[in-house]
Amino acid sequence: MHVPVLAREAIELLCIRGDGVYVDCTAGAGGHSALIAEQLDSGRLIALDRDPEAVETTRARLAKVDAHAEVIHANYAELARVLADLGIESVNGVLIDAGVSSMQLDEAHRGFSFQKDAPLDMRMDRSQGLSATEYLDSVDPDEFVRILRDYGDLPRARGVAGKLLARHGSDPIRTTQDLAEAVSEIFSFVDGEPEEVRKIFQAIRIAVNDELRGLELGVAQALDSLAMEGRFVAITFHSGEDRIVKNLIRGLSKPSRILHPDGRVKETVPARMRNLTRKPILPSVEELQQNPRSHSAKLRAAERIH
Ligand SMILES: C[S@@+](CC[C@H](N)C(=O)[O-])C[C@H]1O[C@@H](n2cnc3c(N)ncnc32)[C@H](O)[C@@H]1O
């Protein structure tokens, strides 16, 4: 079962009111959702996940908590539409806990893990988009270089991308083991788990699920949906994700200027958000020991003030 990361910190920063409306954009195994639901009395929890299996798991978990909770199969990039469909104009708190869950990584058939052999799929929602193998069939070579460099933080990405696509052309990469082997051959690893395998799996997963574009849309809509004094909390696991959250919060946490056509200031609009985390909150030493998967987590939070 997935262990919720930075759970105490996230719940504290959400400042949950018993009668409030809260959205957990990334239900996963329902860990954070259950902690939110436990604090509600007349309030309401909307939990979303783009993975139908996570929706079922969270539904079962929340059925045991006495709270008004709805679990919806949706991409948080469509948060505004989901809230409009539910007739909700504003909410008191939104949580995004980005990335993949332990269930997705651990269930071999999902094709996320280099430690388990399975068809190379990696989609969080298998009813949409291309599997990772289909992605490799069609990706533009220059785009693949960018993906490996930006999403996998891989040095010498151009050479690696060229070799991987050449290998896929002559001996197609269809399974997680095919990909792990292809990477190991490039880096001449004899055994063990080379860091490059993890990085390349991460990069392809982020691309296949279009994770960064979804995050940018989701964070913007989450901040927009907040009622006055509403809280936003985001937990991310990759530098590209953290940058998106940091920049969107910072942008709304300072006054903006509306200019006349000649450049003179027409109006200064006060900051909409208060940044609650100038530096991101990281897992404690105890959490890192108990849950090594929390190691790259960063939490940022903001409050609607205008
Ligand atoms: C780290 S897990 C969340 C774990 C959860 N907080 C818990 O305590 O069990 C991330 C979850 O977010 C989901 N997810 C990732 N991107 C999403 C998106 N754009 N829209 C909705 N769900 C998404 C994944 O399917 C996965 O289940």
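Which of the 24 residues around the ligand come nearest?

View 1. Pro4, Thr26, Gly28, Gly31 and Asp51 come nearest, out of 24 residues around the ligand (near: C-beta atom, placed from the backbone, within 6 Å). At least two residues of this shell are supplied by each of helix 2 (31-38), strand 2 (44-49) and helix 11 (211-225); helices (H or I, at least four residues) and strands (E, at least two) are DSSP runs, numbered from the N terminus. The shell has four charged residues (Asp, Glu, Lys and Arg), nine nonpolar ones (Ala, Val, Leu, Ile, Met, Phe, Trp, Tyr, Cys and Pro) and eleven polar ones (the others, Gly among them).

**View 2. Buried face of helix 3 (residues 52-62).** Ala54, Val55, Thr57, Thr58, Arg61 and Leu62 are the buried residues of helix 3 (buried: 20 or more other C-beta atoms within 10 Å of its own, C-beta atoms being placed from the backbone). Their directions from the helix axis to the C-beta atoms fall within an arc of 165°, so these residues line one face of helix 3. The cover over them includes helix 2, strand 2, strand 3 (68-73) and helix 5 (102-106) (contact: C-beta atoms, placed from the backbone, within 7 Å).

**View 3. Helix 1 (residues 7-14) and its packing.** Glu9, Ala10, Leu13 and Leu14 are buried in helix 1. Seen down the axis, they line one face of helix 1, because they fall within an arc of 130°. They pack against strand 1 (21-24), helix 2, strand 4 (91-97), strand 5 (226-236) and strand 9 (298-304).

**Notes.** Residues are numbered from 1 along each chain as its sequence is written. In this predicted model, local features need pLDDT of at least 70 and side-chain atom pairs count only at pLDDT 80 or more, whereas totals for chains, interfaces and linings use all residues.

Terms used. A residue is buried if 20 or more other C-beta atoms lie within 10 Å of its own, exposed if 12 or fewer, and partly exposed in between; C-beta atoms are placed from the backbone. Two residues are in contact if their C-beta atoms, placed from the backbone, lie within 7 Å.
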